[in-house]
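Please look at the model before reading on.

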Amino acid sequence: IFSDVRGFHFSFFFLILLNQMEPCPRPPVSDCPEAKKRKAEGPASPEHGTCDVGVVGLGVMGRNLALNFCEKGFQVCTFSREPLEVSSFLSGEAQGTTIQGVAVDTVEFCRRLRRPRKVIVLVPAGGATLDMLDALGRGLEPATPTP
């Protein structure tokens, strides 16, 4: 077991090594498995959503995660209970992308997601999280077990 001082030195040394490493080459977005799957499926029907993943909460982490997903070729839908947050994000950092935004209506947000629906919730811990999970429950169906 390292002491705090040794742990600090080890962490600092590790960060230096990471900074000196070459970045991993990224495959083109068209090579992404999700992009290939969407292309093979063709256009989405109205009863099925068009987005691959949903991001709830447009704080610093939510905004950057949504932009990262979009950059990797995923269709993203964002949600916030504050309409001003959604509009400022879509007209700011997300302008020119395919990111969609929904404010207030969790049912509409869930309707825009492809099945199986994937939602990442990035709201403050505690009551806000529980309230958001209750609201999302109105738009989501129970999962069906796979054999």
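P116 is located in the loop that connects α5 (106–111) with β4. Helices (H or I, at least four residues) and strands (E, at least two) are DSSP runs, numbered from the N terminus. The peptide bond leading from R115 into P116 is cis, with omega near -10 degrees. Another loop, between β3 (100–103) and α5, holds V104. V104 is not a glycine, yet its phi is positive, at about 75 degrees. Most residues other than glycine have a negative phi, and most peptide bonds are trans. V104 counts as exposed, with 56% relative accessibility. Buried stands for under 20% relative accessible area, exposed for over 50%, and partly exposed for what lies in between (1.4 Å probe, protein chains only).

The model is predicted, so local features need pLDDT of at least 70 and side-chain atom pairs count only at pLDDT 80 or more, while totals for chains, interfaces and linings use all residues. Residues are numbered from 1 along each chain as its sequence is written, and side-chain values use heavy atoms, with hydrogens and water left out. The predictor's confidence in each residue, from 0 to 100, is called pLDDT. For the protein chain the mean pLDDT is 77, and 67% of the residues reach 70 or more. Where is confidence lowest, and where is it highest? The lowest mean, 39, belongs to helix α1 (residues 4–20), and the highest, 96, to strand β1 (residues 53–56). Across residues 1–27 the pLDDT is below 50, and this stretch has 3 contacts in the model beyond near neighbours in sequence. A contact means heavy atoms within 4.5 Å.

The strands come next. Two strands pair if DSSP finds at least two bridges between them. β1 pairs with strand β2 (residues 76–80) in the parallel sense, over 4 bridges. Within this pairing, G54 stands opposite C77, and V55 has T78 as its bridge partner. β1 also runs parallel to strand β4 (residues 119–121), joined by 3 bridges, with V56 opposite V121. β2 in turn is joined to β3 by 4 bridges, again in parallel, and F79 stands opposite V102 there. From β2 the chain crosses through α4 to β3, and this β-α-β crossover is right-handed. β1, helix α3 (residues 60–71) and β2 form a right-handed β-α-β unit as well. Right-handed here means that, with the strands pointing away from the viewer, the path from the first strand over the helix to the second runs clockwise.

In a regular strand the side chains alternate between the two faces of the sheet. In β1, V53 and V55 lie on one side and G54 and V56 on the other, and all are buried. In β2, V76, T78 and S80 point one way and C77 and F79 the other way, and all of these are buried too.

Which residues make up the largest nonpolar core? Its 11 residues are V53, V55, L58, A66, F69, C70, V76, V86, F89, A94 and I99. A nonpolar core is a set of buried Ala, Val, Leu, Ile, Met, Phe, Trp, Tyr and Cys residues joined through side-chain atoms within 4.5 Å. V86 touches L58, S80, G101, V102 and A103, leaving aside residues up to four places away in sequence. A second, separate core has 10 residues, including C77, F79, V102 and C110. In soluble globular proteins, nonpolar side chains tend to be buried together.

The cysteines remain. A disulfide is a covalent bond between the sulfur atoms of two cysteines. Here it is defined as a pair of cysteine sulfur atoms within 2.5 Å, and by this rule the count comes to 0 disulfides. C77 is buried, at a relative accessible area of 0%. C110 is in no disulfide either, and its nearest cysteine sulfur, that of C77, is 9.0 Å away. C110 also counts as buried, with 0% relative accessibility.
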